[in-house]
Protein chains: 2
Amino acid sequence: MSSKIPYKIYLKEEEIPTQWYNVRADMKVKPAPLLNPGTGQPLKQEELEPIFCKDLVKQELDNDTKWWDIPKEILDFYKMYRPSPLVRAYFLEKALGTPAKIYYKFEGNNTSGSHKLNSAIAQAYYAKKQGLKGITTETGAGQWGTALSMASAYFGLDCQVYMVKCSYEQKPFRREVMRTYGAKVTPSPSNTTEVGRKILSEHPDTTGSLGCAISEAVEAALKQPGYRYVLGSVLNQVLLHQTIIGLEAKAALDKYDITPDIIIGCAGGGSNLGGLISPFMGEMLRGEKQYKIIAVEPASCPSFTRGVFAYDFCDTGMICPLAKMYTLGSQFIPSANHAGGLRFHGMSTILSQLYHDGYFEARAVEQTKVFEAATQFARVEGTLPAPESSHAIRVAIDEALKCKETGEEKTILFGLTGTGYFDLYAYESYNNGTMCDQIPSDETIAGYTSLIPKIGK
Amino acid sequence: MSSKIPYKIYLKEEEIPTQWYNVRADMKVKPAPLLNPGTGQPLKQEELEPIFCKDLVKQELDNDTKWWDIPKEILDFYKMYRPSPLVRAYFLEKALGTPAKIYYKFEGNNTSGSHKLNSAIAQAYYAKKQGLKGITTETGAGQWGTALSMASAYFGLDCQVYMVKCSYEQKPFRREVMRTYGAKVTPSPSNTTEVGRKILSEHPDTTGSLGCAISEAVEAALKQPGYRYVLGSVLNQVLLHQTIIGLEAKAALDKYDITPDIIIGCAGGGSNLGGLISPFMGEMLRGEKQYKIIAVEPASCPSFTRGVFAYDFCDTGMICPLAKMYTLGSQFIPSANHAGGLRFHGMSTILSQLYHDGYFEARAVEQTKVFEAATQFARVEGTLPAPESSHAIRVAIDEALKCKETGEEKTILFGLTGTGYFDLYAYESYNNGTMCDQIPSDETIAGYTSLIPKIGK
């Protein structure tokens, strides 16, 4: 451990990137546009503005502008918790006995406990700039809702969060963090929206789903003057904001002349993976460099590895635009015993297109193996990782162990998106040996994907 | 916010202090020695060794060695989560509209969520060095137990934690973090010790106390060959390890030629306060500088402000050595509605002597005011603070508001010991408006202090 590379590489404050990078500008095949579910035609700025903030729609639709200036107000806020450290996993390397060099970009050192804050503060800023009163959103595991409540408190915006009912009940702490930051948290489905009432009347015992909470949050935004809906993943704008992760990571690596061979990120809707890999992907798209990039998803929600590439709804209520993506079908809900996040049925259109075009690979991992990696990591690297992040840890360890077999000194970079302080029921079930894996059958997946609309095909 | 002082001052890895500073070496009046409760005589190295690790007893008893080298193994571990940031509270200053400059040393960026890890890793190291099998301890709010379980996992030691029963039940997440790090967690009082069985037979409905858990942990260490007891606060050795906080803070301030006027720390047993102020106190003791230092304690457990300075037991079971300290009596237990930590009836002998000699002042604050400050801080500075740390925030805000009145540009430094992610039931009670203050009456305190033994007076 006497290497010249420090345990933690911190950029200086003035080295924090001041622009976000739009990987779409370097893509030859652009991601497919969002479609109006009624007309089947690409959605225009003015059609999206009733739902989303004006400036965010611009970012959503713009496939060409390569660099976006980060407004000063957002940069100020970033300085509260950024730059985030790029950590050399010396302790993990030693424990594994691997010749691989492992780095992780750690996004958990803020109260939201994850990278979600990077986009939350941007979205809240644009809402404030537009003179809005408030924003609505959904949250599953609670990281996004927490991040948005922090960002809203900072800009003095009203924040309304529809929280998937089972999380609302199982994660009272998450709920209280949001309330401490002044957010109004409603368990979803609820009686406050038409779509919520409809779902409740049809499925009175439902514990909710992310897709359903999205439908409710969108409806709430549309019904209240001065409100817009914001989303924490999947969208192009979110990936744009999250490129701060990859840009910082790359700057820190460049400082020490380190080039990763393998880049690994967990993938739910794609916000972390897209943000982490974008600058590296840009080099690949421009033909400058080659990296092996691996997206890791839960075996219980395997959009990339077992979904279909098609236009589909982003929400259960089918009121959102259609996006072309790898999807398991908008009615798909992962097994209740799936403990971590990454539960969304679809995937970012940018990442879907890149995956379709062969720019990276994807792996699905079982949750017991994920928690095994999480526990091993926690004990040697100190940080208790979020279940989501632990998907990336699992594959990073697997790749490092391959290096041990072959003797290759590969450099591995992975994204440690957050901490697991609010996921301890899941750890408890792992500690007690009661956690199990439940992988959807081919029939189950075929059943849900058969419901995908034919529009846009 | 265009100052040249960055939002966060990080020392470089090679600037992490490599020695701990023993403030006792600069004290003219040394802290009173620990006494054998049987003989009333000062305890010697050999009498303490059956309870504590050998090297730690040396550190405990040595009032003269000013600097202690930090062993390389501990420094390596420190690099996992240190240096900790010294944060300029620009956002808080702006929200308060104060001309004061506020800095805080943030110790919460590690999974234990607090500064406790600084001493836990040291104590675990010395236990390992001595060839022990394991260590026992108690934990109240759970920060110390978590820190020790992390440190024990790192060195492969068995870790047995007696957790105050009400915390064990109310904080299942804390328990699960410890289990994830491999610790064995037992609710106290328990049937596993004589003292536990005695307390249970006398008070079958007790929800436990820190003093009682200490008694059980000590008994467990004495009964098992190859085990010793470790403690997370109060002791001289703990304050020695925690000086890393103050040394780093001072080094970071010195880098930018900043001299604090006021230094504020919360005080339970004194580990954080002692660690933070030691290097500054050293300058005062040597007559080099003057600082205004403020210890902040809960109004519901006011050792400094309403206790007596006397020899007393550190534990409810009265099996531990006697320490001369500000104490409310070893049978004192703060009101059950007291939400934060800082529940110990006594106080570090070092700090007690310094306070007695007039080197700093103390203030007791009510918990509703503490949570008001915590919420205000969280919303502008992002970090959700631990209730303990929030005692210091309360007084930092009060002092900054005084500066606003007088127009003085004072520089305030306070210790932000940790995060409140595991204290959300307390935040919930504050958010719901059901939190109240319960301050012990003079009669109550007199009742408990009258039970303090006459030995050593």
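User: In which loop does A:P83 lie?

Analyst: A:P83 sits in the loop between α3 and β4 (86–88) of chain A. Bear in mind that this is a predicted model.

User: What kind of peptide bond joins A:R82 and A:P83?

Analyst: The general idea comes before the case. Most peptide bonds are trans. A:R82 and A:P83, however, are joined by a cis peptide bond, with omega about -5 degrees. B:P189 is found in the loop between β8 (184–188) and α9 (194–202) of chain B.

User: Now phi. Is the phi of B:D257 positive or negative?

Analyst: Again, the general idea first. Most residues other than glycine have a negative phi. B:D257 is not a glycine, yet its phi is positive, about 55 degrees. B:D257 belongs to the loop between α11 (236–255) and β10 (262–266) of chain B. B:L342, also not a glycine, has a positive phi of about 55 degrees, and it is placed in the loop between β13 (322–327) and α14 (349–356) of chain B.

User: How many residues of α6(A) are buried?

Analyst: Of its 13 residues, 11 are buried, so α6(A) is largely enclosed by the rest of the structure. Among them are A:W144, A:L148, A:M150 and A:F155.

User: What do the buried residues of α6(A) pack against?

Analyst: They pack against α3, α5 (117–129), β6 (134–139), β7 (158–164), α8 and α16 (387–406) of chain A.

User: Turning to the interface, how many residues of chain A are in contact with chain B?

Analyst: 43 residues of chain A touch 43 residues of chain B. Next, look at area. About 4200 Å² is buried between chain A and chain B, and carbon and sulfur atoms give 58% of it. A:F173, A:T180 and A:Y421 supply 17% of the area that chain A buries against chain B, more than any other three residues.

User: How many salt bridges does the rule find across the interface of chain A and chain B?

Analyst: The rule finds two. A salt bridge with an N to O distance of 3.0 Å links the side chains of A:R175 and B:E428. The interface also has 31 residue pairs in polar contact.

User: Which elements give two or more residues to the side of chain A that touches chain B?

Analyst: They are α3 (72–81), α6 (143–155), α8 (172–180), α15 (367–381) and α17 (424–431) of chain A. The largest share, six residues, comes from α8(A).

User: And what is the make-up of that side by class?

Analyst: The side of chain A that touches chain B has 22 nonpolar, 10 polar and 11 charged residues.

Key. Residues are numbered from 1 along each chain as its sequence is written. Chains are lettered from A and ligands numbered from 1 in the order in which they are written. This is a predicted model: local features need pLDDT of at least 70, side-chain atom pairs count only at pLDDT 80 or more; totals for chains, interfaces and linings use all residues. Side-chain values use heavy atoms; hydrogens and water are left out. Contact means heavy atoms within 4.5 Å. Buried area is the accessible area (1.4 Å probe) that two parts lose on being put together, summed over both. A salt bridge is a side-chain nitrogen of Lys or Arg within 4 Å of a carboxyl oxygen of Asp or Glu. A polar contact is a pair of N or O atoms within 3.5 Å; within protein, one must be able to donate a hydrogen and the other to accept it, and residues adjacent in sequence count only if both atoms are side-chain atoms. Helices (H or I, at least four residues) and strands (E, at least two) are DSSP runs, numbered from the N terminus. Ala, Val, Leu, Ile, Met, Phe, Trp, Tyr, Cys and Pro count as nonpolar, Asp, Glu, Lys and Arg as charged, and the others, Gly among them, as polar. Buried means under 20% relative accessible area, exposed over 50%, partly exposed in between (1.4 Å probe, protein chains only).
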